[in-house]
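Here are my notes on the structure, as numbered points. Please read them beside the sequence and the coordinates.

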Amino acid sequence: MIKMELSRIHLLLGAVGFLLWTSGGSAAPMECHFSSRALCVHEGRHYSLGETWMDDACMQCTCLHPVGVGCCETVHRPVDFPAWCEVQVEPVTCKVSLVQSADPRLPCSPGDANKDPSHGSLHLQQHLEG
């Protein structure tokens, strides 16, 4: 019983090490998740130990059967941008872009201080045009 539990711990530690290695531990921090209850199944396909797949949230998942599934982000999200901007990730292409929080259809260029709604200049510009 104890030997079985130790081998399970070794598998779990190996899985965590594998996740850190595949997520580029020395690069910018990437979000990873491990689930001991998850099954190695995605969109009806069953995966074997070590096989990977990409889910709809741009997470790369790895089958770590029998101990679970580990998933890590594949996109590098910007961390230094104005408060009036937000990060948008396209589900299929995993393309990352900065958009304006007030209108996500518009791109956010951090150098465009005149578009910052917190300063009222966007509202003023719209008022002058209308």
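1. Contacts along the chain. In this predicted model, 34% of the contacts in the protein chain with a separation of 6 or more are between residues 24 or more positions apart.

2. Burial and surface. The protein chain has 130 residues, of which 26% count as buried. The chain exposes about 9200 Å², and carbon and sulfur atoms supply 59% of that area.

3. Secondary structure. The protein chain contains two helices and eight strands.

4. Four strands form an open sheet in the order S1-S6-S5-S4, and the pairing is antiparallel. Strands S1 (32-35) and S4 (52-54) are the edge strands, each pairing on one side only. On average, neighbouring strands of this sheet are turned by 20° against each other, direction ignored.

5. The S4 and S5 pair. Strand S5 covers residues 59-63 and pairs with S4 in the antiparallel sense over three bridges. Within this part of the model, Met 54 stands opposite Gln 60 of S5.

6. The nonpolar core. Which residues make up the largest nonpolar core? There are eight in all: Cys 40, Tyr 47, Trp 53, Met 59, Cys 61, Cys 63, Val 69 and Cys 71. S5 and strand S6 (69-73) are the elements that give two or more residues to this core. The largest share, three residues, comes from S5. As background, nonpolar side chains tend to be buried together in soluble globular proteins.

7. Cys 61. This core residue touches Glu 51, Thr 52, Trp 53, Asp 55, Val 69, Gly 70 and Cys 71, when residues up to four places away in sequence are not counted. Among these contacts, Trp 53, Val 69 and Cys 71 are also listed in the core.

8. His 42. Is His 42 buried or exposed? Its relative accessible area is 16%; the cut-off for buried is under 20%, so His 42 counts as buried. The residue is found in strand S2 (residues 41-42). Leaving out residues up to four places away in sequence, His 42 touches Tyr 47, Trp 53, Met 54 and Asp 55. Two of these, Tyr 47 and Trp 53, belong to the largest nonpolar core. Asp 55 and Trp 53 are also among the residues that Cys 61 touches.

Technical notes: Residues numbered from 1 in each chain as written. Predicted model: local features only at pLDDT ≥ 70, side-chain atom pairs only at ≥ 80, totals over all residues. Heavy atoms only, no water. Buried < 20%, exposed > 50% of the residue type's maximum accessible area, 1.4 Å probe, protein only. Contact = heavy atoms within 4.5 Å. Areas by Shrake-Rupley, 256 points an atom, 1.4 Å probe, with all protein chains shown as cover. Pairing = 2+ DSSP bridges. Axes fitted to C-alpha atoms, helices over the stretch in contact; angles between N-to-C directions. Core = buried A, V, L, I, M, F, W, Y, C linked by side-chain atoms within 4.5 Å.
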